[in-house]
Amino acid sequence: MVRRTITAILAAAIACITPFDATALPGAAEPEVIFAVTGNTNPESPFVGFTEGLPMLVDAINLENPLFVLHTGNIVRGGEDRVGIIEKDVSRQFSLFLESATRLSMPLYTAAGALDLHNGSTEIYTRRLGRPLDYSFNYDRIHIVVLNTVAVENPARSRDRQMKWLADDLERNGKRGMTIVVTHDRLFSPVRGEAPFEGAEIIHQVLNNHGVAAVISGSGASFFTLTKESVTYINAGCGGFNSSKRCYSCAQYYLVSFKNGSVRAVPKYIKVK
(Lines give C-alpha, C1' and ligand atoms only; values in the text may rest on other atoms or scores of the structure.)
Protein backbone atom coordinates (compact mmCIF):
# COMPACT_ATOMS: atom_id res chain seq x y z
CA MET A 1 0.00 0.00 0.00
CA VAL A 2 2.80 2.41 0.95
CA ARG A 3 4.71 1.49 -2.20
CA ARG A 4 1.63 2.21 -4.39
CA THR A 5 1.13 5.58 -2.65
CA ILE A 6 4.77 6.64 -3.25
CA THR A 7 4.52 5.56 -6.90
CA ALA A 8 1.37 7.62 -7.38
CA ILE A 9 2.95 10.71 -5.82
CA LEU A 10 6.01 10.42 -8.08
CA ALA A 11 3.84 9.99 -11.17
CA ALA A 12 1.82 13.11 -10.29
CA ALA A 13 4.99 15.12 -9.70
CA ILE A 14 6.50 14.08 -13.05
CA ALA A 15 3.27 15.00 -14.85
CA CYS A 16 3.48 18.54 -13.45
CA ILE A 17 7.02 19.17 -14.67
CA THR A 18 7.17 21.67 -17.59
CA PRO A 19 9.30 20.34 -20.52
CA PHE A 20 12.73 21.98 -20.55
CA ASP A 21 13.10 24.62 -23.28
CA ALA A 22 16.67 25.86 -23.68
CA THR A 23 15.55 28.75 -25.92
CA ALA A 24 13.54 30.17 -23.02
CA LEU A 25 16.67 30.78 -20.95
CA PRO A 26 18.10 34.32 -20.98
CA GLY A 27 20.83 34.58 -23.60
CA ALA A 28 20.03 31.15 -25.08
CA ALA A 29 20.93 30.69 -28.76
CA GLU A 30 18.03 30.89 -31.20
CA PRO A 31 17.46 28.02 -33.65
CA GLU A 32 19.09 28.69 -37.02
CA VAL A 33 16.77 29.61 -39.89
CA ILE A 34 18.07 28.62 -43.34
CA PHE A 35 16.62 29.52 -46.74
CA ALA A 36 17.91 29.41 -50.33
CA VAL A 37 18.42 32.25 -52.81
CA THR A 38 18.81 31.88 -56.55
CA GLY A 39 18.26 34.00 -59.67
CA ASN A 40 19.21 34.66 -63.29
CA THR A 41 17.87 31.25 -64.31
CA ASN A 42 16.71 32.62 -67.66
CA PRO A 43 17.31 30.47 -70.77
CA GLU A 44 19.91 31.36 -73.36
CA SER A 45 17.30 31.98 -76.06
CA PRO A 46 13.74 33.28 -75.79
CA PHE A 47 12.73 30.99 -78.64
CA VAL A 48 13.93 27.73 -77.08
CA GLY A 49 12.94 28.78 -73.59
CA PHE A 50 14.54 25.87 -71.70
CA THR A 51 17.23 26.43 -69.05
CA GLU A 52 19.52 23.38 -69.00
CA GLY A 53 20.57 23.70 -65.37
CA LEU A 54 17.11 24.32 -63.92
CA PRO A 55 16.18 20.67 -63.15
CA MET A 56 19.58 20.17 -61.47
CA LEU A 57 19.09 23.36 -59.46
CA VAL A 58 15.75 22.11 -58.15
CA ASP A 59 17.27 18.74 -57.22
CA ALA A 60 20.17 20.40 -55.39
CA ILE A 61 17.92 22.74 -53.41
CA ASN A 62 15.57 19.90 -52.47
CA LEU A 63 18.56 18.01 -51.04
CA GLU A 64 19.49 21.06 -48.95
CA ASN A 65 15.90 21.24 -47.67
CA PRO A 66 15.79 24.96 -46.75
CA LEU A 67 12.61 26.49 -45.32
CA PHE A 68 11.84 28.37 -48.54
CA VAL A 69 13.45 29.67 -51.76
CA LEU A 70 13.83 33.29 -52.91
CA HIS A 71 14.29 33.96 -56.62
CA THR A 72 15.77 37.43 -57.28
CA GLY A 73 14.52 37.68 -60.87
CA ASN A 74 15.44 37.05 -64.52
CA ILE A 75 13.32 33.92 -64.67
CA VAL A 76 12.84 34.20 -68.43
CA ARG A 77 14.45 36.01 -71.34
CA GLY A 78 11.87 38.59 -72.29
CA GLY A 79 12.01 41.28 -74.93
CA GLU A 80 9.81 43.14 -77.34
CA ASP A 81 7.51 42.39 -80.26
CA ARG A 82 9.59 44.67 -82.48
CA VAL A 83 12.54 42.26 -82.29
CA GLY A 84 10.39 39.19 -82.80
CA ILE A 85 9.90 38.17 -79.16
CA ILE A 86 6.13 37.86 -78.84
CA GLU A 87 3.92 37.11 -75.85
CA LYS A 88 3.76 33.41 -76.72
CA ASP A 89 7.57 33.13 -76.46
CA VAL A 90 7.65 34.69 -72.99
CA SER A 91 4.63 32.76 -71.71
CA ARG A 92 6.18 29.48 -72.91
CA GLN A 93 9.33 30.23 -70.89
CA PHE A 94 7.29 30.83 -67.74
CA SER A 95 5.50 27.51 -68.33
CA LEU A 96 8.82 25.66 -68.55
CA PHE A 97 10.11 27.40 -65.43
CA LEU A 98 6.98 26.58 -63.44
CA GLU A 99 7.13 22.97 -64.61
CA SER A 100 10.50 22.63 -62.84
CA ALA A 101 9.70 24.97 -59.93
CA THR A 102 6.65 22.93 -58.91
CA ARG A 103 9.05 20.10 -58.03
CA LEU A 104 10.49 22.17 -55.19
CA SER A 105 9.64 20.69 -51.81
CA MET A 106 9.34 24.12 -50.19
CA PRO A 107 7.63 27.47 -50.99
CA LEU A 108 9.07 29.68 -53.73
CA TYR A 109 8.90 33.49 -53.60
CA THR A 110 9.98 35.58 -56.59
CA ALA A 111 11.00 39.12 -57.51
CA ALA A 112 10.69 40.50 -61.03
CA GLY A 113 13.95 40.92 -62.93
CA ALA A 114 14.86 43.16 -65.85
CA LEU A 115 14.62 40.23 -68.28
CA ASP A 116 11.15 39.25 -67.07
CA LEU A 117 9.51 42.14 -68.91
CA HIS A 118 7.73 41.94 -72.26
CA ASN A 119 7.32 45.21 -74.15
CA GLY A 120 8.47 46.96 -70.98
CA SER A 121 5.64 45.47 -68.95
CA THR A 122 5.57 42.97 -66.06
CA GLU A 123 1.99 41.92 -66.88
CA ILE A 124 2.94 38.41 -68.02
CA TYR A 125 5.19 37.98 -64.97
CA THR A 126 2.50 38.94 -62.47
CA ARG A 127 -0.14 36.86 -64.26
CA ARG A 128 1.92 33.69 -64.59
CA LEU A 129 3.70 33.85 -61.21
CA GLY A 130 0.69 35.09 -59.26
CA ARG A 131 2.87 37.59 -57.39
CA PRO A 132 2.47 41.37 -57.17
CA LEU A 133 5.56 43.48 -57.74
CA ASP A 134 5.75 44.62 -54.10
CA TYR A 135 4.66 42.26 -51.33
CA SER A 136 5.74 40.86 -47.99
CA PHE A 137 5.32 37.72 -45.92
CA ASN A 138 6.31 36.27 -42.56
CA TYR A 139 8.23 33.06 -42.03
CA ASP A 140 9.11 31.91 -38.56
CA ARG A 141 10.77 34.91 -36.86
CA ILE A 142 11.61 36.64 -40.17
CA HIS A 143 9.61 39.30 -42.01
CA ILE A 144 10.54 39.41 -45.70
CA VAL A 145 9.73 42.24 -48.09
CA VAL A 146 10.04 41.81 -51.87
CA LEU A 147 10.64 45.29 -53.30
CA ASN A 148 10.28 45.92 -57.02
CA THR A 149 13.22 47.70 -58.67
CA VAL A 150 12.56 47.02 -62.36
CA ALA A 151 9.30 48.77 -63.21
CA VAL A 152 6.74 51.20 -61.91
CA GLU A 153 3.98 50.78 -64.47
CA ASN A 154 1.20 52.66 -62.71
CA PRO A 155 2.01 56.40 -62.49
CA ALA A 156 0.00 56.56 -59.27
CA ARG A 157 2.42 54.07 -57.75
CA SER A 158 5.48 56.24 -58.02
CA ARG A 159 8.62 55.71 -55.97
CA ASP A 160 7.14 57.97 -53.30
CA ARG A 161 4.04 55.79 -53.08
CA GLN A 162 6.22 52.70 -52.99
CA MET A 163 8.28 54.13 -50.13
CA LYS A 164 5.10 54.93 -48.20
CA TRP A 165 3.92 51.35 -48.70
CA LEU A 166 7.33 50.08 -47.58
CA ALA A 167 7.43 52.27 -44.46
CA ASP A 168 3.89 51.26 -43.50
CA ASP A 169 4.70 47.59 -43.97
CA LEU A 170 7.87 47.81 -41.89
CA GLU A 171 6.04 49.74 -39.18
CA ARG A 172 3.42 47.00 -38.92
CA ASN A 173 5.81 44.05 -39.05
CA GLY A 174 9.20 45.33 -37.93
CA LYS A 175 8.98 44.00 -34.39
CA ARG A 176 8.71 40.39 -35.50
CA GLY A 177 12.39 39.58 -34.93
CA MET A 178 14.31 40.23 -38.13
CA THR A 179 13.42 41.94 -41.41
CA ILE A 180 15.02 41.15 -44.77
CA VAL A 181 14.32 43.02 -48.02
CA VAL A 182 14.72 41.32 -51.41
CA THR A 183 15.40 43.26 -54.62
CA HIS A 184 16.48 42.36 -58.12
CA ASP A 185 18.93 45.25 -58.54
CA ARG A 186 21.74 45.80 -56.09
CA LEU A 187 21.29 49.14 -54.35
CA PHE A 188 24.98 49.78 -53.63
CA SER A 189 28.29 48.45 -54.92
CA PRO A 190 31.64 47.92 -53.19
CA VAL A 191 33.40 48.99 -56.39
CA ARG A 192 34.82 52.49 -56.06
CA GLY A 193 33.22 54.88 -58.53
CA GLU A 194 30.31 52.57 -59.41
CA ALA A 195 27.05 54.47 -59.10
CA PRO A 196 24.36 53.21 -56.74
CA PHE A 197 20.89 52.25 -57.92
CA GLU A 198 18.73 55.29 -58.68
CA GLY A 199 16.91 56.20 -55.48
CA ALA A 200 19.10 53.89 -53.37
CA GLU A 201 19.73 56.50 -50.67
CA ILE A 202 16.00 57.15 -50.23
CA ILE A 203 15.32 53.43 -49.95
CA HIS A 204 18.23 52.97 -47.55
CA GLN A 205 16.98 55.65 -45.18
CA VAL A 206 13.58 53.95 -44.92
CA LEU A 207 15.26 50.58 -44.28
CA ASN A 208 17.74 51.96 -41.76
CA ASN A 209 15.07 53.91 -39.89
CA HIS A 210 12.97 50.76 -39.49
CA GLY A 211 15.72 48.42 -38.37
CA VAL A 212 15.98 46.26 -41.50
CA ALA A 213 18.81 43.79 -41.00
CA ALA A 214 19.70 42.89 -44.58
CA VAL A 215 18.95 43.49 -48.25
CA ILE A 216 19.47 40.56 -50.64
CA SER A 217 19.76 41.33 -54.36
CA GLY A 218 20.69 39.35 -57.45
CA SER A 219 22.34 41.74 -59.91
CA GLY A 220 24.60 39.94 -62.38
CA ALA A 221 26.58 36.96 -61.15
CA SER A 222 28.68 38.67 -58.49
CA PHE A 223 28.72 37.94 -54.78
CA PHE A 224 29.55 40.61 -52.24
CA THR A 225 28.55 41.86 -48.83
CA LEU A 226 28.78 45.42 -47.58
CA THR A 227 27.40 47.25 -44.57
CA LYS A 228 25.94 50.74 -44.60
CA GLU A 229 24.98 52.03 -41.17
CA SER A 230 22.91 49.20 -39.63
CA VAL A 231 21.92 47.49 -42.90
CA THR A 232 23.89 44.62 -44.48
CA TYR A 233 23.69 44.48 -48.28
CA ILE A 234 24.25 41.07 -49.87
CA ASN A 235 24.38 40.65 -53.63
CA ALA A 236 23.74 36.96 -54.21
CA GLY A 237 24.17 36.93 -57.97
CA CYS A 238 23.86 33.63 -59.85
CA GLY A 239 24.71 32.38 -63.34
CA GLY A 240 26.08 29.55 -65.46
CA PHE A 241 22.81 27.67 -65.96
CA ASN A 242 23.30 27.10 -69.69
CA SER A 243 26.18 24.98 -71.05
CA SER A 244 27.03 27.40 -73.85
CA LYS A 245 27.61 30.14 -71.26
CA ARG A 246 29.76 28.36 -68.71
CA CYS A 247 30.70 30.41 -65.67
CA TYR A 248 32.93 28.36 -63.41
CA SER A 249 33.16 31.13 -60.83
CA CYS A 250 29.39 31.70 -60.70
CA ALA A 251 27.25 30.33 -57.92
CA GLN A 252 23.93 28.76 -58.85
CA TYR A 253 22.31 29.31 -55.47
CA TYR A 254 23.10 30.44 -51.94
CA LEU A 255 22.19 29.13 -48.54
CA VAL A 256 21.37 32.07 -46.29
CA SER A 257 21.28 31.50 -42.56
CA PHE A 258 19.79 33.67 -39.85
CA LYS A 259 20.85 33.11 -36.27
CA ASN A 260 21.05 35.38 -33.23
CA GLY A 261 20.35 38.48 -35.31
CA SER A 262 23.05 37.93 -37.95
CA VAL A 263 22.79 36.90 -41.61
CA ARG A 264 25.32 34.84 -43.55
CA ALA A 265 25.23 33.76 -47.21
CA VAL A 266 27.22 30.80 -48.55
CA PRO A 267 27.53 30.33 -52.35
CA LYS A 268 26.73 26.87 -53.72
CA TYR A 269 27.64 25.33 -57.06
CA ILE A 270 26.17 22.67 -59.30
CA LYS A 271 27.66 21.10 -62.42
CA VAL A 272 25.54 21.89 -65.44
CA LYS A 273 25.75 18.91 -67.79
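Colleague: What makes Glu229 count as exposed?
Modeller: Glu229 has a relative accessible area of 53%. The cut-off for exposed is over 50%. Therefore Glu229 is exposed. Keep in mind that this is a predicted model.

Colleague: Where is Glu229 found, and what is its phi near?
Modeller: Glu229 is found in the loop between β8 and β9. Its phi is near 55 degrees, a positive value in a residue other than glycine.

Colleague: Asn119 also has a positive phi, although it is not a glycine. Why is Asn119 called partly exposed?
Modeller: The phi of Asn119 is about 55 degrees. Asn119 lies in the loop between β3 (108–110) and α4 (123–129). Its relative accessibility is 39%. Buried needs under 20%, exposed needs over 50%, and partly exposed is in between. So Asn119 counts as partly exposed.

Colleague: Now the cysteines. How do you know that Cys247 and Cys250 are joined by a disulfide?
Modeller: Their sulfurs are 1.7 Å apart. A disulfide needs two cysteine sulfur atoms within 2.5 Å. The pair passes, so Cys247 and Cys250 form a disulfide. The structure holds one disulfide. The link of Cys247 and Cys250 is right-handed, with 65 degrees about the S-S bond.

Colleague: Buried, partly exposed or exposed: what are Cys238, Cys247 and Cys250?
Modeller: Take the values in turn. Cys238 has 2% relative accessibility, so it counts as buried. Cys250 has 6%, so Cys250 counts as buried. Cys247 has 24%, so Cys247 counts as partly exposed. The cut-off for buried is under 20%.

Colleague: Now the helices. Why are α2 and α3 called roughly parallel?
Modeller: The axes of α2 (residues 54–64) and α3 (residues 87–101) cross at roughly 30 degrees. Angles under 35 degrees count as roughly parallel. Therefore α2 and α3 are roughly parallel to each other. Their axes come within 9 Å, and α2 passes α3 in a right-handed crossing.

Colleague: Which residues make that contact?
Modeller: From α2, Leu54, Pro55 and Val58. From α3, Leu96, Phe97 and Ser100. They divide into five nonpolar, one polar and no charged.

Colleague: What makes Phe97 count as buried or exposed?
Modeller: Phe97 has 5% relative accessibility. Buried means under 20%. So Phe97 counts as buried. Leaving aside neighbours within four places in sequence, Phe97 is in contact with Thr41, Leu54, His71, Ile75, Leu108 and Leu129.

Colleague: Last one. Which residues of helix α6 are buried, and what covers them?
Modeller: In α6 (residues 200–209), Ala200, Ile203, His204, Val206, Leu207 and Asn208 are buried. Their cover includes α5, β6, β7, β8 and β9. After α6 comes Gly211, with a positive phi near 70 degrees.

Terms used
Residues numbered from 1 in each chain as written. Predicted model: local features only at pLDDT ≥ 70, side-chain atom pairs only at ≥ 80, totals over all residues. Heavy atoms only, no water. Buried < 20%, exposed > 50% of the residue type's maximum accessible area, 1.4 Å probe, protein only. Axes fitted to C-alpha atoms, helices over the stretch in contact; angles between N-to-C directions. Helix = DSSP H or I, 4+ residues; strand = E, 2+ residues; numbered from the N terminus. Parallel < 35°, antiparallel > 145°, perpendicular 65-115°, else oblique. Left-handed = near helix turned anticlockwise from the far one by under 90°. Contact = heavy atoms within 4.5 Å. Nonpolar A, V, L, I, M, F, W, Y, C, P; charged D, E, K, R; others polar.
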